[in-house]
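Subject: Structure for your review

Dear colleague,

Please find the structure below, handed over for your use.

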Amino acid sequence: DLESRGEPFDGRYYLWDHRFYDRLMLEKEYSLDHQLIAEFFPLQHAIEGMLKIFEELFGMQFVEITGDDRAKVAPSGKGSDIVWHEDVQIFSVWDDAGEGSGFIGYLYLDLFPREGKYGHAANFNLQPGFIDTNGNRRYPATALVCNFTKPTEKKPSLLKHDEVVTLFHELGHGIHDLVSKTIYSRFHGTNTVRDFVEAPSQMLENWCWTPSQLKSLSKHYSTISPEYLASWREQANGKPQPPERIPDEVIENLIRTKHVNDALFNLRQLHFGIFDMTVHEPKDHEEVENLPVSATYNSLRKQITQMSGPEVLGQGNEWGHGQATFGHLIGGYDAGYYGYLRYSWPFYHPSICLWLTTSSSQVYSTDMFYTVFKSNPMNPTEGRRYRHQVLEKGGSQDEMTTLTQFLGREPSTDAFYKELGLA
């Protein structure tokens, strides 16, 4: 690319090159335009579609609480008391008639950025479910917190495909939180061993790569209202209005890119995992104090990912302090970030002798999807079985027992290697 523009190439691939060339590769070699795809995924329509999927699969009903109904729910009688910001949506969640029509809990959606708010996408348990000392059920409340672009008069909030996946993933944590039924709050919902906590949500990501579900989640924003159609035409340069649903050929091109540059992504995850273990394994306090944290972070990154940074330009290894932005290190994944890796990779690092094993959530999630859902992702019988055998259990029983009962056998890596095209 540089030579085609008459610029010299020094033989290095820099950190700051990656996002640009990753996007360029998708556009040129896969005819993929993420901005165009985003036009088919208005946020509120995508959320409605996702909730409908969960209703059909798991036997749930989501009822948004708005207006005067909020005051009826609030103990104070003031509707504003049940949310922490005017943008927050709240849903009461119920079993459908087939599941007994009982109350499940509350789901909050806090979707747009504002000053002082948590800056990433996550799901937070507000109140766990449990059985109190009188034998009564206490119901959970869970919050999906994201930072999507706010809608305007001319354009709704539009999601790129990776944001659709993120939304589905985090909402998956929320569903796990809601339908879990444990005696003790300690084991409620996502309170499982770290190697398993991501598996249920990662399993649900597969719906975002299934053509029929992508089609159902999509709706071009120009078809939502006459106002949005008029604003779309202002910048369309005379192009015909797109179809309401995302075209099949766009879906096909998108699915072809699922594993493009996965190796570079996983090398980055491997860097995080090995750095995490490095800073958690010094033999004594003195070694901790003398550990050159930034230099360790950057040197491991260069060694593992092979991407160059300012260190090759004579700035040393102390630049950037990237580890200071790595919240997982002290946010619950301490000495456990290896479980985030998408798959097992036997990687040996001589200074810490770390072997990353097959106990990884992506292996489990892929095995569950391929074994149970791939042939029919919207099978309600299997969806309810998944709800009762996996999600309801939380961490109240050994997670390997949960997996074995659901799969009918012990987990295997076969499905994951097949997904990667390696088997």
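**Salt bridges and helix packing**

Aspartate 87 counts as partly exposed, at 22% relative accessibility; buried means under 20% relative accessible area, exposed over 50%, and partly exposed in between (1.4 Å probe, protein chains only). The model is predicted, so local features need pLDDT of at least 70 and side-chain atom pairs count only at pLDDT 80 or more, while totals for chains, interfaces and linings use all residues. Residues are numbered from 1 along each chain as its sequence is written, and side-chain values use heavy atoms, with hydrogens and water left out.

Aspartate 87 forms a salt bridge (a side-chain nitrogen of Lys or Arg within 4 Å of a carboxyl oxygen of Asp or Glu) with lysine 150, their closest N and O atoms being 3.1 Å apart. Aspartate 87 lies in the loop between helix H4 (68–73) and strand S2 (89–95), and lysine 150 in the loop between strand S7 (141–145) and helix H5 (161–179), so the pair ties together parts that are 63 residues apart in sequence. Helices (H or I, at least four residues) and strands (E, at least two) are DSSP runs, numbered from the N terminus. Lysine 150 is likewise partly exposed, at 39%.

A salt bridge also joins glutamate 244 and lysine 219 (2.5 Å, N to O). Glutamate 244 is in the loop between H9 and H10 and lysine 219 in the loop between helix H8 (211–217) and H9, 25 residues apart. Glutamate 244 is partly exposed at 36% relative accessibility, whereas lysine 219 is buried at 18%. By the rule above, the count comes to 19 salt bridges.

Helix H11 (residues 262–279) packs against helix H13 (residues 293–305) at an angle of about 145°, with the axes 9 Å apart. Axes are lines fitted to C-alpha atoms, for helices over the stretch in contact, and angles run from 0 to 180 degrees between N-to-C directions.

Finally, asparagine 237 has a phi near 55°, a positive value in a residue other than glycine. Asparagine 237 lies in the loop between helix H9 (226–234) and helix H10 (248–256) and is exposed, with a relative accessible area of 73%.

Yours sincerely
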